[in-house]
Amino acid sequence: MSAAHRRTPPPPLCRRAGCTRRVRQEAQDAAVQALLQALQLKDPYTRAHSERVGALAALIAAELGGSGPGTAAVRLGGLLHDVGKLAVPADVLCKDGPLTDDERRLVQAHPADGDGVLRAIPVLAEARAAVLHHHERLDGTGYPGGLGGARIPEAARIVAVADAFDAMTTTRSYSRARPAPAALAELRRCAGSQFDPAMVEALERALAAVRWRTPDAAPCGETAVAEGPLLAPPLLPPLAGAGAHGATWAWLDAGAKGKEVG
Ligand SMILES: [Fe+2]
């Protein structure tokens, strides 16, 4: 056998802690990328929404500092919070009228379905609490667990606020975007019943320190136009040709006050 045909010996096993961390990070990024790609194929709005919620949740976590859960884990939870919507039929996901009881049941299964997806991917385990509980309410009337107050994992309380802010400031098939101040006022109104007031306050402080730009209106099934500098540092690069109109990262002017997310 010629040298060219000899088999390349396998690389030495990675035993150093730094190497293990890098391999784990690469596996985590690849898994997130694959799930976001699947969401992109299902509904570009949900994929773009997920990226913004990940960024907003990371801003809140960073604002809470050492008293809150880790920024990276919270960002992961935000990125993946709606991954269970892969199981919701597209015509239900994008319906612009009221949902039937059966359709509502399908939609409300998405936190548990998302948790089920992540259970099968150990490198994404730290996102599971936020995914499973991001529709709980502080007064205990949310779903799927009906948890209340501090029984709701902190990461889920953060993602709930980020999710609601983004939902209110973007146009969906059934509602038009509100300006950010109006969305913050609504979050304040619901603080203590639906949302954790500490998370609402942290979002307000975070948004006062950076220039957050809500994306242009885009109906369900399309991706909003996004302009400006990329969110820094992006956990994941935008997918080439993502969405009907262009890239998906760009809702934070990262230069503002030099604040870094993640
Ligand atoms: Fe959700």
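## Helices α8 and α10

In this predicted model, helix α8 (residues 154–168) and helix α10 (residues 197–209) have axes that come within 9 Å and cross at roughly 55°. That angle makes α8 oblique to α10, given that angles under 35 degrees count as roughly parallel, over 145 as roughly antiparallel, 65 to 115 as roughly perpendicular and the rest as oblique. Axes are lines fitted to C-alpha atoms, for helices over the stretch in contact, with angles running from 0 to 180 degrees between N-to-C directions.

The contact joins Arg157, Ile158, Val161 and Phe165 of α8 to Met199, Val200 and Leu203 of α10; two residues are in contact if their C-beta atoms, placed from the backbone, lie within 7 Å. Six of the residues in the contact of α8 with α10 are nonpolar, none is polar and one is charged. Here Ala, Val, Leu, Ile, Met, Phe, Trp, Tyr, Cys and Pro count as nonpolar, Asp, Glu, Lys and Arg as charged, and the others, Gly among them, as polar.

## Basis of the model

Residues are numbered from 1 along each chain as its sequence is written. The model is predicted: local features need pLDDT of at least 70, side-chain atom pairs count only at pLDDT 80 or more, and totals for chains, interfaces and linings use all residues.

## Overall composition

The protein chain comprises ten helices and two strands; helices (H or I, at least four residues) and strands (E, at least two) are DSSP runs, numbered from the N terminus. Of its 262 residues, 42% count as buried, a term for residues with 20 or more other C-beta atoms within 10 Å of their own, C-beta atoms being placed from the backbone.

## The nonpolar core

A nonpolar core is a set of buried Ala, Val, Leu, Ile, Met, Phe, Trp, Tyr and Cys residues joined through C-beta atoms within 7 Å. The largest has 48 residues, of which Ala57, Ile60, Leu80, Ile158, Val161 and Leu203 touch the most other members. Helix α8 gives the most to this core, with ten residues.

## Helices α3 and α6

Eight of the ten residues of α3 are buried, so this helix is largely enclosed by the rest of the structure. Its buried residues include Thr71, Arg75 and Leu80, and their cover includes α1 (17–42), α2 (44–64), α6, α7 and α8. Beyond its neighbours within four places in sequence, Leu80 is in contact with residues including Val32, Gly114 and Leu118.

In helix α6 (residues 110–119), the buried residues include Gly114 and Leu118. The buried residues of α6 pack against α3 (71–80), α5 (101–108) and α7 (128–133).

Key:
A residue is buried if 20 or more other C-beta atoms lie within 10 Å of its own, exposed if 12 or fewer, and partly exposed in between; C-beta atoms are placed from the backbone.
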